[in-house]
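Welcome, and thanks for taking a look at this chain. Please open the model in your viewer and keep it beside the text as you read.

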Amino acid sequence: MPGPLDGVKVVEFTEIIAGPFAGMLLSDMGAEVIKVEPPWGDPWRGTQPISPTESRVFMAYNRGKRSITLDLTTAAAADVLARLIPQVDVAIVNYRPDVAAKLGVDYEALASLNPRLIYCENTAFGRQGPDSYRPGYDMILQAMTGIMTAESKVSNGAPVHVVSSPFVDTSAGICLAWCVCAALYHREKTGQGQKVETTLLGLALAMLGMRFVEVEALDREKLTTTLESLAALRGAGVPYPELLQIYEADHPVTPGNIYYRSYQTADGVVSLGCLSDPLRQRLLDILGLTDIRFDPDYDPRSEEAAAYGEKLMRQAEEVFLTRTAAEWLALLDERGIPAGPVRFIEEVFDDPQVQANGLVSELEHRDAGRLRMVGPLAMFSETPLDVSPPPALGQHTDEVLRELGYTAGEIDHWRAEGTLG
């Protein structure tokens, strides 16, 4: 059976991660997605390459699409768009604001060809404000929104970004796909197309969650003092490692977190999360410890508080060393405490839980051969999802152009003059 977005046609003018990931998610849902690439390909094809035109990072965000190569700066491209855009439902664009207009894929240009078009644009910083002209990538947004400094990691005298995932870009892709579905629903009710704008900046702030909430009565004085201190320290040329040390000394984390963390066991590491008092009490029972901070008369501001927290952490760490990871996980499971083993990525592909839920898809790429990657992220009872391989560069150019009515001679001519790859 077809997916829930069967019949929806999407054209992508995207590169790198955010826009491509959105298109991939829509493809997983059953949409037909055409990715328009320049003749030399999405730049992501050349990052960590496995062949001249293929890379694992491109494959990770472009599954299930058809790829056509087209130089958007040419008159021939304008002709192709004039035929293609009236046939699609959605356009996804993730260029800088000025680039889309230069290439003729801005909202005004495409909506004039198809007033019912849903045009979803993701920019780094939005169309307004002093940074609107800037290009931006995941790491830059981590830097500019405080995510990087919150990690407390320093290498060679500078802060280190979150390296496990380009999570700002990834969340932006999810947001784009979410917006497309909402706009499709609105059009179903009203017949109206529209423009939707998202930003990496907004998604980075959203990813900060509770860290990006100011309660004026509690935080205003501290915030003002911090801003003044940072300005003075930077003005004095204080190096980043020292600046971070001063900042963290002024924003101390009360020691004693034994409930939401990882522990070394006799043969491995386990992580556990106790985010309610009943769970915390169960953990204390298992460990044979007492936490006087549950006493209503306990004063967390007292001189003894920090020392007590440090002592409690050492006691918990010593207890966890007395059993293996498997023994601890069995015991924690028995008491209903959320926990899991700490793994390396290579250990996850064949994990029984991952496999049992169909979270790894095995695909056959035209040029690269067999590959495994994450599968669909949801299950639909009536419109099950299916996935197909990432496209090779320009794999579907001739196919798509023929569907638009172009002859073999016209296609060959454009390829000879460099309009097509």
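The report below goes from the overall chain to its strands, a helix, a surface patch and the salt bridges.

**The chain as a whole**

Please keep in mind that this is a predicted model. The chain has 17 helices and 15 strands, and its C-alpha atoms fill a box of roughly 85 × 55 × 45 Å along the principal axes. Of the 421 residues, 42% are buried. The accessible surface comes to about 22,400 Å², and carbon and sulfur atoms account for 55% of that area. If we take the contacts between residues at least 6 apart in sequence, 68% of them join residues at least 24 apart.

Let us begin with strand β6, which covers residues 90–93. In a regular strand the side chains alternate between the two faces of the sheet. Here Val 90 and Ile 92 point one way, Ala 91 and Val 93 point the other way, and all are buried.

Strand β6 has parallel partners: β1 (residues 9–13) pairs with β6 over 4 bridges, and β7 also pairs with β6 over 4 bridges. Phe 13 stands opposite Val 93, while Ile 92 stands opposite Cys 120 in β7.

Beyond the neighbours within four places in sequence, Glu 121 is in contact with several residues, among them Val 93, Arg 127, Leu 176 and Lys 195.

**Helix α9 and its surroundings**

Helix α9 spans residues 200–208, and its buried residues are Leu 200, Leu 203, Ala 204 and Leu 208. Seen down the helix axis, these buried residues fall within an arc of 150°, so they line one face of α9. They pack against α1, β7, α6, α7, α8 and β10. After α9 comes Gly 209, which has a positive phi near 55°.

**A nonpolar patch**

On the surface, Tyr 137, Ile 140 and Met 144 form a nonpolar patch with about 280 Å² of accessible area together. Ile 140 belongs to helix α6 (residues 138–144) and is partly exposed, at a relative accessible area of 32%.

**Salt bridges**

Side chains of opposite charge can pair when their charged atoms come close. A search of the whole structure finds 27 salt bridges, including the pairs in this table.

| Pair | N to O distance |
|---|---|
| Lys 65 and Glu 12 | 2.6 Å |
| Glu 317 and Arg 261 | 2.9 Å |
| Arg 343 and Asp 351 | 3.1 Å |

Lys 65, in the loop between α2 and β5, and Glu 12, in strand β1, are 53 residues apart, and their pair links distant parts of the chain. Both Lys 65 and Glu 12 are buried. They also belong to a network of salt bridges that includes Lys 35 and Asp 42.

In the pair of Arg 343 and Asp 351, Arg 343 is partly exposed at 42% relative accessibility, whereas Asp 351 is buried at 9%.

Methods
Residues numbered from 1 in each chain as written. Predicted model: local features only at pLDDT ≥ 70, side-chain atom pairs only at ≥ 80, totals over all residues. Heavy atoms only, no water. Patch = residues over 30% accessible without salt bridge, like charges linked within 9 Å, V, L, I, M, F, W, Y side chains within 5 Å. Areas by Shrake-Rupley, 256 points an atom, 1.4 Å probe, with all protein chains shown as cover. Salt bridge = Lys/Arg side-chain N within 4 Å of Asp/Glu carboxyl O. Helix = DSSP H or I, 4+ residues; strand = E, 2+ residues; numbered from the N terminus. Buried < 20%, exposed > 50% of the residue type's maximum accessible area, 1.4 Å probe, protein only. Arc of directions from axis to C-beta. Contact = heavy atoms within 4.5 Å. Pairing = 2+ DSSP bridges.
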